[in-house]
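This report describes selected features of one protein model.

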Amino acid sequence: MSTETAHRLHQKFPKKHNHYALRDFFQFNSEYGTITDWNDARNVLTSEDFIIGLLEGLQEEVGDASSAIMYTVGLEWGKIDSLQFEAWFEREFAMSPRRANLMFLLETWWWPYISQGWGRWEVDMSDRKQGFMFINLFDSAVARTLGDVGKPVCHLYAGLFAGFFTEMVRKQLSCIEIQCYSMGETYCKFLLGGRERIDAASFWMNEGANARDIEKRLRAGEGGQ
């Protein structure tokens, strides 16, 4: 990290935790044209037009494969981010993430994303012992931008969740969006679990099942282990 981009408040108050105000979390350096957050990550401001251009351009180039590409981008992003998160979590809280309360850990990971405009989330851990869990996402940057297009569009988020949790639990996980704001719903919903269950959910969706149908079938023991 160069001196022009390192967050000065972080250097000045290394033990500070209440850094949630805009001017505490983000450091705007007009001289160098940079935006650095509390965790010393570089941030870039983009418009909704950029998101639309990116997704429509990808769709034009590769067709339906664009969803798989966005998922893969998110997957790799999540894996890398989990490693960076472990480093700054240990630096800030002086403990391994694996010793932390799970919900505190997850909220600590996600709140910078909220600050950056990626939306709020709720993690439903009630089915964790069954090998799967649900994540509700509010104000998805992708879905909010594209509007009601009648199908799930948050493949980047699905990949991000799969990559992050795969690294955190040291077990290969997959993720699928089973409900989306772009389908006319009020929020997006993701299913995280093993490959077999995600494939089953994908099949059920293709057969016309909605999120409630999928929840019911999984809790009834369908979809594998």
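The model is predicted. Its largest pocket holds about 1,100 Å³ of space, and 40 residues line this pocket. Nearest the centre of the largest pocket lie Asn43, Val44, Trp77, Gln116 and Trp118. Several elements each supply at least two residues of this lining, among them strand 1 (26-29), strand 2 (34-37), helix 3 (48-62) and helix 5 (102-115). Helix 4 contributes the largest share, ten residues.

The second largest pocket has a volume of about 760 Å³. It is lined by 28 residues, and those closest to its centre are Ser67, Lys151, Pro152, Val153 and His155. Here the largest share of the lining, six residues, comes from helix 8. Elements that each supply at least two residues to this lining include helix 3, helix 7 and strand 6.

The table sets out the classes of residue in the two linings.

| Pocket | Nonpolar | Polar | Charged |
|---|---|---|---|
| Largest pocket | 25 nonpolar residues | nine polar residues | six charged residues |
| Second largest pocket | 15 nonpolar residues | seven polar residues | six charged residues |

**Glutamine 179**

Glutamine 179 belongs to strand 6 (residues 174-179). Is this residue buried or exposed? Glutamine 179 has a relative accessible area of 6% and is therefore buried, since buried means under 20%. A polar atom of its side chain lies 3.2 Å from the backbone oxygen of tyrosine 187. Leaving aside residues up to four places away in sequence, glutamine 179 touches Glu185, Tyr187, Cys188, Lys189 and Ala211.

**Two residues with positive phi**

Which backbone angle draws attention to aspartate 139? Its phi is near 65°, a positive value in a residue other than glycine. Aspartate 139 is located in the loop between strand 5 (132-138) and helix 6 (141-146). Because its relative accessibility is 44%, aspartate 139 counts as partly exposed; this class lies between the cut-offs of 20% and 50%.

Arginine 170 is likewise not a glycine, and its phi is positive, at about 55°. This residue is found in the loop between helix 7 (155-169) and strand 6. With a relative accessible area of 55%, arginine 170 is exposed, because exposed means over 50%.

Note on methods
Residues are numbered from 1 along each chain as its sequence is written. This is a predicted model: local features need pLDDT of at least 70, side-chain atom pairs count only at pLDDT 80 or more; totals for chains, interfaces and linings use all residues. Side-chain values use heavy atoms; hydrogens and water are left out. Helices (H or I, at least four residues) and strands (E, at least two) are DSSP runs, numbered from the N terminus. Buried means under 20% relative accessible area, exposed over 50%, partly exposed in between (1.4 Å probe, protein chains only). A polar contact is a pair of N or O atoms within 3.5 Å; within protein, one must be able to donate a hydrogen and the other to accept it, and residues adjacent in sequence count only if both atoms are side-chain atoms. Contact means heavy atoms within 4.5 Å. On a 1 Å grid over the protein atoms alone, a cavity is a set of points where a 1.4 Å probe fits but cannot get out, and a pocket is an open set with protein on both sides within 12 Å along at least five of seven lines; lining residues have an atom within 4 Å of a point. Grid points are joined across faces, edges and corners, and a volume is the space filled by probe spheres set on the points. Ala, Val, Leu, Ile, Met, Phe, Trp, Tyr, Cys and Pro count as nonpolar, Asp, Glu, Lys and Arg as charged, and the others, Gly among them, as polar.
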